[in-house]
Amino acid sequence: MPDLTHGDDAAAVNALRSSVMRLSRRIKHQRVDESLSPTEMSVLGTLARCGSATPGELARKEHVQPPSMTRIVALLEAKGLVRLEPHPDDRRQKVVTQTEQAEAMLEESRRRRNAWLAELVDGLDEDEWAKLRAAAPVLEKLAQL
């Protein structure tokens with residue numbers, strides 16, 4: 001575990017936080033559909049990764065309040081990116097499912113962001129690229145914790 005009272009560990013944690021945040025902001029600007037908010041894109045990404053979910057489940061996964069998720073789902077439905085279907089076990093609930101339009105938009109967004117990131121990686125030397133490839137699974141694990 002990092003010792004944040006130790007100068008090197010504290011500096012590494014700070015550098016990691018700062019660089020991940022800056023890179024994340026820059027990646028978010030590589031969107032296909034500028035009319036979608038980052039939160040709307042995040043919800044679509046969650047649906048793509050996890051499959052259909054109730055608005056309550058989405059709210060928990062996205063760390064937002066259920067009324068906020070209800071509004072987000074309504075906006076996405078109005079844009080044709082999700083559809084609401086009856087819950088198979090509970091008639092009081094709905095299940096949110098992404099549409100083919102959302103799938104295509106997310107795929108294009110991934111393609112564009114990957115191409116942009118690949119251009120950045122071109123600026124690294126072979127040793128830096130090898131270190132980044134090795135760090136990718138660790139960063140993925142951090143993102144899942």
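Buried means under 20% relative accessible area, exposed means over 50%, and partly exposed lies in between, with a 1.4 Å probe and protein chains only.

Now, the ground rules. This is a predicted model, where local features need pLDDT of at least 70, side-chain atom pairs count only at pLDDT 80 or more, and totals for chains, interfaces and linings use all residues. Residues are numbered from 1 along each chain as its sequence is written, and side-chain values use heavy atoms, with hydrogens and water left out.

Overall layout. The protein chain has six helices and two strands. Helices here are DSSP runs of H or I with at least four residues, strands are runs of E with at least two, and both are numbered from the N terminus. In sequence order the pattern is α-α-α-α-β-β-α-α. The radius of gyration is 19 Å, well over the 15 Å that the globule rule gives for 145 residues, so the protein chain is more spread out than a compact globule. That radius is taken over C-alpha atoms, and the rule is 2.2 Å times the number of residues to the power 0.38. The C-alpha trace spans about 55 × 35 × 25 Å along its principal axes.

Next, the surface. The accessible surface of the protein chain is about 10,200 Å². Carbon and sulfur atoms hold 55% of that surface. Areas come from the Shrake-Rupley method with a 1.4 Å probe, and for residues only the protein chains shown count as cover. Of the 145 residues, 23% count as buried.

On to the inside. The largest nonpolar core has 18 residues. Such a core is a set of buried Ala, Val, Leu, Ile, Met, Phe, Trp, Tyr and Cys residues joined through side-chain atoms within 4.5 Å. L36, V43, L44, L58, M69, L76 and V82 touch the most other members. Two or more residues come from each of α2 (38-50), α3 (55-62), α4 (66-78) and α5 (100-121).

Look at L36. Contact means heavy atoms within 4.5 Å. Beyond its neighbours within four places in sequence, L36 is in contact with R31, M41, L44, L76, K79, L81 and M105.

Then Q98. Is Q98 buried or exposed? At 13% relative accessibility, Q98 counts as buried. Q98 sits in strand β2, residues 94-98. Setting aside neighbours within four places in sequence, Q98 is in contact with L44, L47, A48, L81, V82, R83, E103 and L106.

Now a loop residue, H63. H63 is found between α3 and α4. Relative accessibility is 72%, so H63 counts as exposed. H63 also has a positive phi of about 60°, although it is not a glycine. Most residues other than glycine have a negative phi.

Last stop, a nonpolar patch. L16, V20, V138, L139, L142 and L145 form this patch on the surface, with about 560 Å² of accessible area together. The elements giving two or more residues are α1 (7-28) and α6 (126-144). Which element gives the most to the patch? That is α6, with three residues. L142 has a relative accessible area of 47%, so it is partly exposed. L142 and E119 are 23 residues apart in sequence and 24 Å apart in space, C-alpha to C-alpha.

Terms used: Patches are made of residues with over 30% relative accessible area and no salt bridge: like charges are joined within 9 Å, nonpolar side chains (Val, Leu, Ile, Met, Phe, Trp, Tyr) within 5 Å. A salt bridge is a side-chain nitrogen of Lys or Arg within 4 Å of a carboxyl oxygen of Asp or Glu.
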